[in-house]
Amino acid sequence: MSLSPEHRSLLMRANRLLGAHLVEANLVKIDNLEAANERLLELISTGDYRKGSVLSILAFELQVVKEADVLQHVMDEHGVGLIDLRSYDVPDDLRLTLELGACWATWSMPFDREEDVYFVATAYYLSPAVRAYWEKQLGGPVVWYGTTQEVLADYFEKLEEARAAGKAPAPAASK
């Protein structure tokens, strides 16, 4: 699966704004962000959007920030709770309609809904582009939860495998 031009643009915007916020919050230095952005462009040019994450480059390749510290900042400064989706059963109406390209591009996923309120897990809460995208897509109030990229990637990959095996239909293409 490759990213649509819309999702590729979203991925770039999400990463740019996340990086800016990480610098603003003194979680990383501008020099580290510049190096991570260069690496991000390399990865995206090869089509490897799954590794197209400035956060994972900063945390795991450059090792200049810990993902746990970013999540702690999100909890402390923004009042966002955390969730581990590994044992969570996402309702079919959400699971079967998820656009995985948008999920990968934003490192986020709607995982539940109560009436018109949506619950979204994200590793990219600090990116205003991510929050704006999902709030517009879902068309209702959103309660945000932080989670790790590993938890999200595992879920996305399992859903992709299920769709490829015909066990879960892919959603219709968006307009």
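**Figure 1. Arg131 and the ring of Tyr125.** Arg131 is placed over the face of Tyr125, at a distance of 4.7 Å from the ring centre. The view, like those that follow, is taken from a predicted model.

Figure 2. Because Phe111 belongs to strand E2 (residues 108-114) and Tyr145 to strand E4 (residues 142-146), the pair ties together parts that are 34 residues apart in sequence. Phe111 is buried, with a relative accessible area of 3%, whereas Tyr145 is partly exposed, its relative accessible area being 24%. Tyr125 and Trp144 are both buried. One aromatic cluster is made up of Tyr88, Phe111, Phe119 and Tyr145.

**Figure 3. The crossing of helices H2 and H3.** Two packed helices are described by the angle between their axes and by the distance between those axes. For helix H2 (residues 30-45) and helix H3 (residues 54-61), the axes come within 9 Å and cross at roughly 115 degrees, and the crossing of H2 and H3 is right-handed. On the side of H2 the contact is made by Asn32, Leu33, Ala36, Asn37, Arg39, Leu40 and Leu43, and on the side of H3 by Val54, Ile57, Leu58 and Glu61. Sorted by class, the residues in the contact of H2 with H3 are 7 nonpolar, 2 polar and 2 charged.

**Figure 4. Burial of helix H3.** Helix H3 is largely enclosed by the rest of the structure, because 6 of its 8 residues are buried. The buried residues of H3 are Val54, Leu55, Ser56, Ile57, Leu58 and Ala59, and what covers them includes helix H1 (5-24), H2, helix H4 (67-78) and helix H8 (149-164). Just after H3, Gln63 takes a positive phi of about 50 degrees.

**Figure 5. Ser53 in the loop between H2 and H3.** Ser53, which is found in the loop between H2 and H3, is buried, with a relative accessible area of 0%. When its neighbours within four places in sequence are left aside, Ser53 is in contact with Asn15, Leu40, Trp107, Tyr124 and Gln149. Of these contacts, Leu40 is also among the residues of H2 that make the contact with H3.

Figure 6. Most residues other than glycine have a negative phi. Trp107, a residue other than glycine, has a positive phi near 50 degrees; Trp107 is found in the loop between helix H6 (100-106) and E2, and is buried, with a relative accessible area of 3%. Glu115, although it is not a glycine, has a positive phi of about 55 degrees. Glu115 is found in the loop between E2 and E3, and it is exposed, with a relative accessible area of 70%.

Figure 7. Glu38, which lies in helix H2, counts as exposed at 57% relative accessibility. Between Glu38 and Arg50 there are 12 residues of separation in sequence and 16 Å in space, taken from C-alpha to C-alpha. Leu96 lies in the loop between helix H5 (92-95) and H6, and is partly exposed, with a relative accessible area of 25%. Leu96 and Leu159 are 63 residues apart in sequence, with a distance in space of 8.8 Å from C-alpha to C-alpha.

Key: Residues numbered from 1 in each chain as written. Predicted model: local features only at pLDDT ≥ 70, side-chain atom pairs only at ≥ 80, totals over all residues. Heavy atoms only, no water. Helix = DSSP H or I, 4+ residues; strand = E, 2+ residues; numbered from the N terminus. Buried < 20%, exposed > 50% of the residue type's maximum accessible area, 1.4 Å probe, protein only. Phe/Tyr/Trp six-rings, centres within 6.5 Å; stacked < 30°, edge-to-face > 60°. Lys NZ or Arg CZ within 6 Å of the ring centre and 35° of its normal. Axes fitted to C-alpha atoms, helices over the stretch in contact; angles between N-to-C directions. Left-handed = near helix turned anticlockwise from the far one by under 90°. Contact = heavy atoms within 4.5 Å. Nonpolar A, V, L, I, M, F, W, Y, C, P; charged D, E, K, R; others polar.
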